[in-house]
Amino acid sequence: MLNSVDAGRRLMLRAAVYPLAAVAVLALAFLLVGPKYAFGALASGVAISAGGWVAARMALGGGALAAGSAMARLIIAIVAKWVVVFGVLLVGFLVFKLPALALLAGIAVGLMFQVLAMARR
């Protein structure tokens with residue numbers, strides 16, 4: 001029987017690996033359109049996965065806490081995730097001039113598969 005720490009680690013790993021696999025398939029599909037599209041989808045999808053991993057480590061890494069501290073930690077973790085995602089979006093769009101369609105598609109697919117991975121038992 002798994003304890004709660006092992007179950008949490010498995011969930012974090014699954015929530016990071018599933019989106020990466022889905023975004024890799026999306027990037028391969030966008031490769032038919034062009035390499036900038038493929039890189040844009042891959043970059044934003046990896047940002048979703050990395051941001052989710054960072055948020056999970058921040059939110060779940062502190063052990064047992066009081067309710068207020070746990071809620072504050074969760075909010076800070078979510079903000080950190082979206083800072084990572086929006087940072088990659090800005091850099092990809094403004095610096096590397098990646099297509100917005102590919103960047104947004106990578107985020108959509110990454111989020112969808114992240115939610116599906118966490119919903120799976």
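Phe30 touches Tyr37, Ala38, Ala41, Leu101, Ala102 and Ala105, leaving out residues up to four places away in sequence, where contact means heavy atoms within 4.5 Å. This comes from a predicted model, in which local features need pLDDT of at least 70 and side-chain atom pairs count only at pLDDT 80 or more, while totals for chains, interfaces and linings use all residues. Residues are numbered from 1 along each chain as its sequence is written, and side-chain values use heavy atoms, with hydrogens and water left out.

Phe30 is also part of the largest nonpolar core, whose ten residues are Ala22, Val23, Leu26, Ala27, Phe30, Ala38, Ala41, Ala102, Ala105 and Val109. A nonpolar core is here a set of buried Ala, Val, Leu, Ile, Met, Phe, Trp, Tyr and Cys residues joined through side-chain atoms within 4.5 Å, and buried means under 20% relative accessible area, as against over 50% for exposed and in between for partly exposed (1.4 Å probe, protein chains only). Helices H1 (4–30), H2 and H4 each supply at least two residues of this core, with the largest share, five residues, coming from H1. A second, separate core has six residues, including Ile48, Leu89, Leu103 and Ile107. In soluble globular proteins, nonpolar side chains tend to be buried together.

The protein has four helices and zero strands, both taken as DSSP runs numbered from the N terminus (helices H or I, at least four residues; strands E, at least two). Two of the helices are set out below, with the expected span being 1.5 Å times one less than the number of residues.

| Helix | Number of residues | First to last C-alpha | Expected span |
|---|---|---|---|
| H2 | 26 residues | 37 Å | 38 Å |
| H4 | 20 residues | 29 Å | 28 Å |

H2 (residues 35–60) and H4 pack with their axes 7 Å apart and at an angle of about 35 degrees; the axes are lines fitted to C-alpha atoms, for helices over the stretch in contact, and the angles run from 0 to 180 degrees between N-to-C directions. The contact draws on Tyr37, Gly40, Ala41, Ser44, Gly45, Ile48, Ser49 and Gly52 of H2, and on Leu101, Ala102, Leu103, Gly106, Ile107, Gly110, Leu111 and Gln114 of H4. By class, eight of these residues are nonpolar, eight are polar and none is charged, given that Ala, Val, Leu, Ile, Met, Phe, Trp, Tyr, Cys and Pro count as nonpolar, Asp, Glu, Lys and Arg as charged, and the others, Gly among them, as polar.

Two residues of this contact can be followed further. Gln114 has its place in helix H4 (residues 100–119) and counts as buried because its relative accessibility is 5%. Leaving aside neighbours within four places in sequence, Gln114 is in contact with Ala15, Pro19, Ile48, Ser49, Gly52 and Lys81. Ser49 lies in H2 and is buried, with a relative accessible area of 4%; apart from residues up to four places away in sequence, Ser49 touches Ala16, Leu20 and Gln114.

Across the protein, buried residues make up 32% of the 121 residues. Among contacts between residues at least 6 apart in sequence, 69% join residues at least 24 apart. The C-alpha atoms fill a box of roughly 50 × 30 × 15 Å, taken along the principal axes.
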